[in-house]
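My entries follow in the order in which I made them.

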Amino acid sequence: VAADDDDDDVGVEPTEGPGTSLPVCGCGLLQDGVPATSQLLGMMGLRSPSADSFDDYFRKWFEDEFFPTLSSKLKAELVHRAKSKSFLSGLSSQFKKWALANTDERLQADAWHAYFMQYSPPQFQTVGFLLQASVNLGSAAQPCLVTFWGVPDAHGEHWTLPPWASFDVEISAVLDELDERGGINALVSASA
């Protein structure tokens, strides 16, 4: 061990000899460009999920779990807006409510899913052996960041939402942002 006056140097010289040398912290250890956690999981027959596998999971979760709640909030907000605005603004809200009521739920879910993916695509981050995907299901002004966990399994496709996760969206802010982007046209063009 040697010490010198340079503050950037911790004063420890690496020792070399036969065998494998490992850095002090194995957190980011790479061997042939593959993170150590992936190597360890592979030895146990597990694979971390990919970002591509999240797309399928998220679409199903969005349609089955999130959209029914979003849809009921949308309808209630549009009724509220129709009652509280001037005649012309109220007429616009009534038309939007009518369009929602007379459009297939699956088409609406697809349009809203495409809208959120266009304006707030998932952000991925690896934390240990988990792959996290975070999506803002709110607006830029009042975000509702929902983080999903990709957990290693034999197929590398297991995603889950932590039990404490909340996706209580401030729907008026989402509709305001949609109106700023062009209203129903922005929703339709995102799904085109």
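Entry 1, terms and ground rules. I call a residue buried under 20% relative accessible area, exposed over 50% and partly exposed in between, with a 1.4 Å probe and protein chains only. The model is predicted, so I kept local features only at pLDDT of at least 70 and side-chain atom pairs only at pLDDT 80 or more, while totals for chains, interfaces and linings use all residues. I number residues from 1 along each chain as its sequence is written, and side-chain values use heavy atoms, with hydrogens and water left out.

I looked up its burial: Glu 63 has a relative accessible area of 17% and is buried. I then searched for salt bridges, meaning a side-chain nitrogen of Lys or Arg within 4 Å of a carboxyl oxygen of Asp or Glu. The structure holds 6 of them. Glu 63 pairs with Arg 106, with 2.9 Å between the closest N and O atoms. That pair links distant parts of the chain, since Glu 63 is in helix α2 and Arg 106 in helix α4, 43 residues apart. I take helices (H or I, at least four residues) and strands (E, at least two) as DSSP runs, numbered from the N terminus. Arg 106 is partly exposed at 47% relative accessibility.

Entry 3, Arg 59. The side chain of Arg 59 also meets that of Glu 63 in a salt bridge, at 3.8 Å from N to O. Both residues lie in α2, 4 residues apart, about one turn of the helix. An α-helix has 3.6 residues a turn, so residues three or four places apart point the same way. Arg 59 has a relative accessible area of 36% and is partly exposed. A further salt bridge joins Arg 59 to Asp 110, the closest N and O atoms being 3.3 Å apart. Asp 110 lies in helix α4 (residues 105–119) and Arg 59 in α2, so this pair ties together parts that are 51 residues apart in sequence. Asp 110, at 28%, is partly exposed. I noted the four residues Arg 59, Glu 63, Arg 106 and Asp 110 as a network of salt bridges.

I paired rings of Phe, Tyr and Trp (its six-membered ring) with centres within 6.5 Å; planes under 30 degrees apart are stacked, over 60 edge-to-face and the rest tilted. This gave 23 aromatic pairs. One of them, Trp 61 with Phe 148, is edge-to-face at 5.0 Å centre to centre, with 80 degrees between the planes. Trp 61 lies in α2 and Phe 148 in strand β5 (residues 145–151), so the pair ties together parts 87 residues apart in sequence. Both residues are buried.
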